[in-house]
Amino acid sequence: MIELGVNIDHVATLRQARRTWEPDPVWAAVEAHLGGADGITVHLREDRRHIGDDDVRRLRELAQIKLNLEMAATNEMIGIACRFKPEMAMLVPEGRQEITTEGGIDIVTGEARLRECIARLADAGIVTSVFIDADPAQVDAAARIGARVCEIHTGPYAHAFHTNGRDIDNPAVRSEFERIRAAGEAVCAAGMRFNAGHALNYYNVQPVAAIKGVRELHIGHAIVSRAVFVGLRTAVTEMKRLMREAGTMA
């Protein structure tokens, strides 16, 4: 059954806006769990713009559902992951000027270095994941470096959906959707777990949730935004319901 990982970075963004102690990301993780989340995702950035090292420590100690740590493929971040031992570590590209992650990591051009990172994480007993674009070459490279999970970047699909009438049958939307579906099929055929995420929301999530073989969706901004009006627990419950409904229609 499809699972939901809730990214709580923007809870920490709100805290950092005032350089204070609230809202607490750990409390957000509790509320997400009570709403039906299967996991919590945080991105520990090199500049610590929102989530900090102590947040990761406290989430590792106190969260009762699995923790997915997004991070750049650097020695510092690999060391932090090996120390805290989240259930999953996902390698993502990282730019200091970007607002959010803008695309998948390029495994093809960094294969040797990323293979070493994956091996170090695996030796620490951590499930290893890579965030990649819906590109067959990147899927093949992910399998070669030993990744156990591929999270397919759904941003281009979400952008096409938003700008083309929010219609899954629009040719531009359908094209991006089919790229995700085909990449997911390749991920499963290579023996890896197929996850997906980025820019998914309450309007575009169901087609992706209905794709055969998808195991987990990672969603953050839409859920935290909805939570401003209805509360985080309810926002998570609503998203999980949409995902489960999509699964029954597949």
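Helices (H or I, at least four residues) and strands (E, at least two) are DSSP runs, numbered from the N terminus. The expected span of a helix is 1.5 Å times one less than its number of residues. The model shown is predicted, with local features requiring pLDDT of at least 70 and side-chain atom pairs counted only at pLDDT 80 or more, whereas totals for chains, interfaces and linings use all residues. Residues are numbered from 1 along each chain as its sequence is written, and side-chain values use heavy atoms, with hydrogens and water left out.

**View 1. Helix H5, residues 111-123**. The 13 residues of H5 reach 18 Å from the first C-alpha to the last, close to the 18 Å expected at 1.5 Å a residue. After H5 comes Gly125, whose phi is positive, near 85°.

**View 2. The buried and exposed faces of H5**. Glu111, Leu114, Cys117, Ile118 and Leu121 are buried (under 20% relative accessible area, with exposed meaning over 50%, for a 1.4 Å probe and protein chains only). These residues lie on the same side of H5 because they cover an arc of only 125° around the axis, taken from the directions from the helix axis to the C-beta atoms. The face turned away from this buried side carries the exposed residues Ala112, Glu116 and Asp123.

**View 3. The cover over the buried residues of H5**. Among the elements that cover these residues, with contact meaning heavy atoms within 4.5 Å, are strands S3 (66-71), S4 (88-91) and S5 (127-132), together with helices H4 (75-84) and H6 (136-145).
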